[in-house]
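This report walks through one structure for a reader who has not seen it before. Please look at the sequence and the model first.

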There are 2 protein chains.
Amino acid sequence: MSRRTITGFSNPTVKALRALREKKLRKREGRFLAEGLRLLTDARECGRLPELLVMAAGREAHPLLEAIEADVLAAGGDVIETDDAILAKITGKDNPQAVAGVFAEFDTSLDALDRCSAPLFLAAQALRDPGNLGTMLRTADAVGAGGLVLIDDCADPFSVEAVRASMGAIFTVPLAQARWDEFLPWLRGGSGQLVAASLRDAVPYRGAEYAAPCFIMVGNESRGLPEDYEAACDLRVTMPMRGRADSLNAAVAGAVLAYEVLAALG
Amino acid sequence: MSRRTITGFSNPTVKALRALREKKLRKREGRFLAEGLRLLTDARECGRLPELLVMAAGREAHPLLEAIEADVLAAGGDVIETDDAILAKITGKDNPQAVAGVFAEFDTSLDALDRCSAPLFLAAQALRDPGNLGTMLRTADAVGAGGLVLIDDCADPFSVEAVRASMGAIFTVPLAQARWDEFLPWLRGGSGQLVAASLRDAVPYRGAEYAAPCFIMVGNESRGLPEDYEAACDLRVTMPMRGRADSLNAAVAGAVLAYEVLAALG
C-alpha cells in the first residue's frame, strides 16, 4: 500500500493510466478506468475496490471518497494525488471528475453466467457503440437480468465510454464475451430460450410465449443480426413500427423487449 | 442553381460548411448538416431537399445519389464536388461518408404540433446528450408519435450527432422546442394527458390509465425531472427496478413507456 503525489506529466504512472484509454493497452494490462465518485461508490457497494485510486489534490473533502480511500489502502492498493491538469490528461476530459479508479478486468467467460440466477438475460451481437453497450448493461441491471452476453466483436465493455454509460452496472451485471460458435453450444447445453427482435418470420412481441431463462438477443447497429443467427433462435418477435424506419436503436429494442419479458416471467 | 468543384481548404464555402458543426454559428445561419446517402435519401422521400449538396469527387456512382443531385439542381440548389480531405474537414470525421447536405432548419414552435394527429407524443426536458435526443426522435418515428417536444435547454436536435442518431427521423418527426412555461399553458389549452416516469407518487406503468393524446415526458440524464414538473403531470408511472440503480437511460425509459402507451392507445 502507498499514498503519494504526482506532479509531472511524464511520470510513468500518468502514462500507464493514460494508456488505459486505448483498447490494445487496456487488454494487455487487464485493467480499466472508472471515473467519478458515484461510479466508485457503486463499485465499493458491490465489493469491488480499485487497485489504484487517483484523486485531484484540490478536491473537496467527501466522506464517501474518504471511505473508498481507506478501503483501498487497507486492501493494499495505491492512492495517488495529482493536479487537475494531469487528471484531465489521464481521463481525456477537460473537466475530469475529481477521482478515478483503476480496476482489474473481470472474468468474462461464459462460466461467469448462472442461467438459474434470473428469468432473463440480455445478449448483443457485434454491438459497436460503447454508449449502447453501457446502456444495455444499465438496462440489464434495471430488469434484474442474470447477465449480458457480448457475442462476436462488440465494443469493449471496459472502455471509459461504456463504463460511464453503464452508470455503475459494469460492477453489478455479470458479463460474458463469446464467439457465436461458443455461445450457441453453451446455451444448448442447458435450459434457455433464445429470442431475437426480428422482422423475418416473427410473432408480435406482446403476448409471445417467453420461457425462463429467456435470452434476448439484439444485433449490430447497422446490419442487425445475421440471418442464420436469427434462424437459430427459438422465438423471433417483432415490435410495431409505425413510422418510416423499420428499426429501433439496438439498446432501445433490447430494453423494450426486456421489460416485456420481465412482465411475462418476472 | 450551380454545380462546381472546390479544391482549397480556405474556400469560404468550406469554412461556412465547417462552421455548421458549431451550435452558435448553426443557429445564426439557420442551417444544419446531414451526412450520408441514407440520411439524404430519407430526407428526399419526406420531401426535404438540401439547399446545398457536397460530394466526394472520387465517389462511386449511385442512382439514389444521382436522383438527389438532379432534384437539388432542379430546385435551384447548389452542388459541390470536393476531395476526401476537404470533406473530412467539413464533417469532422476521418472517414466521412461520400456526401453531405445542408438543410434549412424547420419551424420548431409548438404550432408545428397537431395534437389530433396521433395518440401519443414524446417530450424531453433538459436532455443534454445529442445521441439520446436522436434516439428519442427515432423511437418517436417507430411508435408513430405525433412529435417530440424539447422542453427547456436540451441538446440541439440539428447537431450532426443528433441528426445521425435519429437515423432520418429528424426529417419525419414533428419537432417543437419550448420553455416549460410556454409548453404547459399550450398543453392545457387543449386535450392532452401529461405522463412522467417517476419514483414519486407513481402507479405501475403497465395498465395505467393512459388517455390520448398522451404526452410522455422524460427528464435530464442526471437530475431527472424537476419536482414541480412531475407534480404538474396528470399521471406519474413507475417501471420495475430490480437492480442496484433506480433509473434507466432517459431515451430507454421513454421508449419502454412509449411502447406501453402504444399498446394501450394505438
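In this predicted model, the C-alpha centres of domain 1 and domain 2 of chain A are 31 Å apart. The domain assignment places domain 1 of chain A at 2-104 and domain 2 of chain A at 110-265. Contact between the two involves 13 residues of domain 1 of chain A and 9 residues of domain 2 of chain A. On the domain 1 side, the elements that give two or more residues are helix 2 (23-29), strand 2 (31-35) and helix 3 (37-45) of chain A. That side of domain 1 of chain A holds 6 nonpolar and 7 charged residues, and no polar ones.

Contacts also run between the chains: 31 residues of chain A are in contact with 31 residues of chain B. Two elements of chain A give two or more residues to the side that touches chain B, namely helix 6 (130-142) and helix 10 (250-265). Helix 10 of chain A supplies the largest share of this side, 7 residues. By type, the side of chain A that touches chain B divides into 16 nonpolar, 9 polar and 6 charged residues.

The next topic is the nonpolar core. In soluble globular proteins, nonpolar side chains tend to be buried together. The largest nonpolar core here has 172 residues, and A:Ala124 and B:Ala124 touch the most other members. Leaving aside residues up to four places away in sequence, B:Ala124 touches B:Leu133, B:Met136, B:Leu148, B:Leu150, B:Ile151, B:Cys154, B:Val218 and B:Ala250.

Some backbone angles deserve a separate look.

| Cis peptide bond | Omega |
|---|---|
| A:Ala212 to A:Pro213 | about -10° |
| B:Ala212 to B:Pro213 | near -10° |

A:Pro213 is in the loop between strand 10 (203-204) and strand 11 (214-218) of chain A. In chain B, B:Pro213 lies in the loop between strand 10 (203-204) and strand 11 (214-218).

Positive phi values come next. A:Met167 is not a glycine, yet its phi is positive, at about 50°. This residue, A:Met167, sits in the loop between helix 7 (160-165) and strand 8 (175-178) of chain A. A:Met167 counts as buried because it has 24 C-beta neighbours inside 10 Å. B:Ala126, also a residue other than glycine, has a positive phi near 55°. The loop between strand 6 (120-125) and helix 6 (130-142) of chain B holds B:Ala126. B:Ala126 has 22 C-beta neighbours inside 10 Å and therefore counts as buried.

Conventions: Residues are numbered from 1 along each chain as its sequence is written. Chains are lettered from A and ligands numbered from 1 in the order in which they are written. This is a predicted model: local features need pLDDT of at least 70, side-chain atom pairs count only at pLDDT 80 or more; totals for chains, interfaces and linings use all residues. Domain bounds come from an automatic or database domain assignment. Two residues are in contact if their C-beta atoms, placed from the backbone, lie within 7 Å. Helices (H or I, at least four residues) and strands (E, at least two) are DSSP runs, numbered from the N terminus. Ala, Val, Leu, Ile, Met, Phe, Trp, Tyr, Cys and Pro count as nonpolar, Asp, Glu, Lys and Arg as charged, and the others, Gly among them, as polar. A nonpolar core is a set of buried Ala, Val, Leu, Ile, Met, Phe, Trp, Tyr and Cys residues joined through C-beta atoms within 7 Å. A residue is buried if 20 or more other C-beta atoms lie within 10 Å of its own, exposed if 12 or fewer, and partly exposed in between; C-beta atoms are placed from the backbone.
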